[in-house]
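Hi,

Here is the structure I promised to pass on. My notes on it follow below.

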Amino acid sequence: MLWLGWTGFNGGAPYAANIDASVAILNTHICTATSLLIWLCLDISFFGKPSVIGAVQGMITGLVSITPAAGLVQSSSALLIGVFSGSIPWLTMMVLHKRVRFLKKIDDTLAIFHTHGVAGALDGLLTGLLADPKMTRLFFGDDPKFIGLIFGLKDGQVRAGLRQMGMQVVGMLFVGVWNVVVTTAIFVVIRMVVALKIREEELVVGDDAIHGEDAYAVWGDGETYKRYVHGHEGFDGVKDEEMM
């Protein structure tokens, strides 16, 4: 469903049913499929088996990475972006996150830092490198300043390519700083009302369980239902021994 929705997300960016929209949709599928396969191949190579969660993560990094470039690069570049988006976030998530002290301190259950932060920054840079002037004309018109650095070097427009690369870097830094400042402010306000993190003993039980929302828990079979966690002290006809 996410992949399907992203097709409309990227394909709708030109605000018209045109060639640019078609290319954006095609590139979205190429990059995402490539990223998913690269992630699975890395899982198989290093862990001996593929992972459904890994496939989903590879899909997400592919979708995130192609978004800035979807209608601005050729399909061969989308394939290359998919290779990077399936490998670099995998490296930061599966290897560096366990070894780098700074990354160890990031409380990120859903790996958003890797799937959106790393993948998004990656394609911000790759868009500045790979944006094809033939494609940018479809979206921005004939303005020659919108050109990727690689094509700028090739066409003798190095200054324009460096300008675009600089804009990509500045935009990436601005978004990063904005997110840190605004998110910190939101957390400060939330902390005034409720705790930002549940207690360690509650983490052991699980946040789903402490709210009585365990998936597939059959109380009578004694799987995970506990009165002291889930409540229902007056549950008729069931003894404590039967619920443990």
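Phe46 is exposed, at 57% relative accessible area, while Trp90 is buried at 4% (buried is under 20%, exposed over 50%, partly exposed in between, with a 1.4 Å probe and protein chains only). Bear in mind that this is a predicted model: local features need pLDDT of at least 70, side-chain atom pairs count only at pLDDT 80 or more, and totals for chains, interfaces and linings use all residues. Residues are numbered from 1 along each chain as its sequence is written, and side-chain values use heavy atoms, leaving out hydrogens and water.

Phe46 and Trp90 also form a tilted aromatic pair, 5.1 Å centre to centre with 40 degrees between the planes. (Rings of Phe, Tyr and Trp, the last by its six-membered ring, pair if their centres lie within 6.5 Å; under 30 degrees between planes is stacked, over 60 edge-to-face, the rest tilted.) Phe46 sits in helix H2 and Trp90 in helix H4, 44 residues apart (helices are DSSP runs of H or I, at least four residues, numbered from the N terminus). Ring pairs join Phe46, Phe47 and Trp90 into a cluster.

Phe174 and Trp178 form a stacked pair, at 6.2 Å and 25 degrees. Both are exposed, and they lie 4 residues apart in helix H9 (residues 158–191), so about one helical turn separates them.

Finally, Ile66 touches Asn10, Asn27, Thr28, Cys31, Ala78, Ile81 and Asp123, not counting residues up to four places away in sequence (contact means heavy atoms within 4.5 Å).

Cheers

Note on methods
Helices (H or I, at least four residues) and strands (E, at least two) are DSSP runs, numbered from the N terminus.
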